[in-house]
Amino acid sequence: MEMAEELNILNKLEALKEIRSKTIQLEKLKHKIRLEVECKESEEKCLGEYKSEMELLLQEKMAHVEELRQIHADINVMENVIKQAEEERNKSLEFAKRLHEDYIPLKGYIDKLRGEIGRASCRERV
């Protein structure tokens, strides 16, 4: 064999060695890419679940907000009912006082008339 042929064979062997080394490196990179893509898909799935859960939580929050709004509205209604009831009670008390003011002189007059005919005065109290 000639020197040129041996050198050519050595160059081809070196090239094959380099191809083998780079092919192994390429396979390792391809494997890492697959792992990262799988990881990305897994995270994307998780992210979808997280977003769904967030949407459910927001809906629940809005339901609670609406419930609180309704409770506040009910409280306002009850405050108005209480205020009106207190006003009615106070009106009734004032009216009762005015009626009592009319009652006292009338009772006094009736007692006077009863006394004039010899009858005992009324013992009713209001």
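1. Glu44 has a relative accessibility of 47% and counts as partly exposed. The classes used here are buried for under 20% relative accessible area, exposed for over 50%, and partly exposed in between, with a 1.4 Å probe and protein chains only. The partner of Glu44 is Lys40, and their side chains meet in a salt bridge with an N to O distance of 2.6 Å. Lys40, at 46%, is also partly exposed.

2. The model is predicted, so local features need pLDDT of at least 70 and side-chain atom pairs count only at pLDDT 80 or more, while totals for chains, interfaces and linings use all residues. Residues are numbered from 1 along each chain as its sequence is written, and side-chain values use heavy atoms, without hydrogens or water.

3. Helix α1 covers residues 3-116. Helices here are DSSP runs (H or I, at least four residues) numbered from the N terminus, and strands are E runs of at least two. α1 has 114 residues and spans 165 Å from its first C-alpha to its last, close to the expected 170 Å. The expected span is 1.5 Å times one less than the number of residues. Just after α1, Gly118 takes a positive phi of about 85°.

4. The structure holds eight salt bridges, each defined as a side-chain nitrogen of Lys or Arg within 4 Å of a carboxyl oxygen of Asp or Glu. Lys40 and Glu44 lie four residues apart in α1, so about one helical turn separates them. An α-helix has 3.6 residues a turn, so residues three or four places apart point the same way.

5. Lys91 and Glu88 form another of these pairs, at 3.8 Å from N to O. Both residues lie in α1, three apart, which is about one turn of the helix. Lys91 is exposed at 52%, whereas Glu88 is partly exposed at 47%.

6. In the salt bridge between Asp111 and Lys107, the closest N and O atoms are 2.9 Å apart. These residues are four places apart in α1, again about one turn. Asp111 is buried at 18%, and Lys107 is buried at 19%.

7. Leu7, Ile9, Leu10, Leu13, Leu16 and Ile19 make a nonpolar surface patch of about 580 Å². Leu13 is found in α1. Patch residues have over 30% relative accessible area and no salt bridge; like charges are joined within 9 Å, and nonpolar side chains (Val, Leu, Ile, Met, Phe, Trp, Tyr) within 5 Å. Accessible areas come from the Shrake-Rupley method with a 1.4 Å probe, and for residues only the protein chains shown count as cover.
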